[in-house]
Amino acid sequence: LPKEKFMDRLRTYGMSIKVPLTGLVIAVAILPLFLQAAVMLGSFNQGQLDARTIEIQNQCVILSNKMTRSGYMTAEKKNATLDSQMQAIADVYNGRIVIVNTNFRVVTDTFNLATGKYYISEEVIKCFKGENSSHYNKDMQYLAQTIPVYDPANEKNINGVIVVTASTENILSLTDKAMGKSNLFLVCMCLVLAVLAAAAVHIIMRPFKNLQMSFDRVA
């Protein structure tokens, strides 16, 4: 008998307005949290990419100025200091630096794979025309940056192009860590909101319950 009464009360509670009202309150409270978390993660990822792009661009501009002053593109012998600096920059960003001359031949490659080969791409052609470019490949997880190297005798002439590719795996790793913390926070907030929503609905529905009891007594 007690079990049957308990089941009857459970069915009555399930058929009442409390359940859908509690679900509605939880949904209204949680939806903004999910939207905010998604926006924040997107902003964090884009901010990291923008910061990395500016950092690489600044390093390349400094390197380009040194190459212009030293006449790197027209020198018969390689500049060991600049070569070591290029290798250091490539190692720091877990990437690759390629120097292309006006004939679209690679004169320097930090990977030592394409030296002497042709390097023809839309970004390099635009850079020789004076248009710097920055490209992010989301699928391959790398940033590509082109910076011109000018003629020391005439800064309007471009003698070469610096092509830098840098890995973004560490940025994605940071984003994944931030996403994990965000998901944990959302789970905790969902539990808290569920308890608060149930309590709020119970308090709101108490006068209606008393009214229903009054109607029952009158009946």
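Q: Before we get to this predicted model, what has to hold for two strands to pair?
A: Two strands pair if DSSP finds at least two bridges between them. In this predicted model, strand S3 and strand S4 (residues 142-150) are joined by five bridges and run antiparallel.

Q: Which residue of S4 is the bridge partner of Ser-133?
A: The partner of Ser-133 in S4 is Thr-146.

Q: And the sheet, in what order do the strands come?
A: The order is S2-S1-S5-S4-S3, an open sheet of five strands with antiparallel pairing. Strand S2 (106-109) and strand S3 (133-137) are the edge strands, each pairing on one side only. From one strand to the next, the twist averages 15°.

Q: How many bridges do S1 and S5 pair over?
A: S1 and S5 pair over seven bridges, in the antiparallel sense. Within that pairing, Ile-99 has Ile-162 of S5 as its bridge partner.

Q: What about S1 and S2, how many bridges there?
A: Three bridges join S1 to S2, and the two strands run antiparallel. Val-98 stands opposite Asp-109 of S2.

Q: Why is S1 largely enclosed by the rest of the structure?
A: Six of the seven residues of S1 are buried, so the strand is largely enclosed.

Q: Moving to the helices, which strands does H2 lie across?
A: Helix H2 (residues 18-70) lies across strand S1 (95-101), S3, S4 and strand S5 (158-167), and runs at about 25° to S4. Helix H3 (residues 80-92) lies across S1 and S2, at about 140° to S1.

Q: At what angle do the axes of H2 and H3 cross?
A: They cross at roughly 170°, and the axes come within 11 Å. Angles over 145 degrees count as roughly antiparallel, so H2 is roughly antiparallel to H3.

Q: Which residues make that contact?
A: H2 contributes Gln-59, Leu-63, Lys-66, Met-67 and Ser-70, while H3 contributes Leu-82, Gln-85, Met-86 and Ile-89. By class, the contact has five nonpolar, three polar and one charged residues.

Q: Where in the chain are Phe-104 and Phe-128?
A: Phe-104 is in the loop between S1 and S2, and Phe-128 is in helix H4 (residues 122-128); they are 24 residues apart, and the pair links distant parts of the chain.

Q: What else is there on Phe-104, such as its phi in the hairpin?
A: In the hairpin of S1 and S2, which has four residues between the strands, Phe-104 takes a positive phi near 65°. Its relative accessibility is 22%, so Phe-104 counts as partly exposed.

Definitions and conventions: Residues are numbered from 1 along each chain as its sequence is written. This is a predicted model: local features need pLDDT of at least 70, side-chain atom pairs count only at pLDDT 80 or more; totals for chains, interfaces and linings use all residues. Side-chain values use heavy atoms; hydrogens and water are left out. Axes are lines fitted to C-alpha atoms, for helices over the stretch in contact, and angles run from 0 to 180 degrees between N-to-C directions. Contact means heavy atoms within 4.5 Å. Buried means under 20% relative accessible area, exposed over 50%, partly exposed in between (1.4 Å probe, protein chains only). Angles under 35 degrees count as roughly parallel, over 145 as roughly antiparallel, 65 to 115 as roughly perpendicular and the rest as oblique. Ala, Val, Leu, Ile, Met, Phe, Trp, Tyr, Cys and Pro count as nonpolar, Asp, Glu, Lys and Arg as charged, and the others, Gly among them, as polar.
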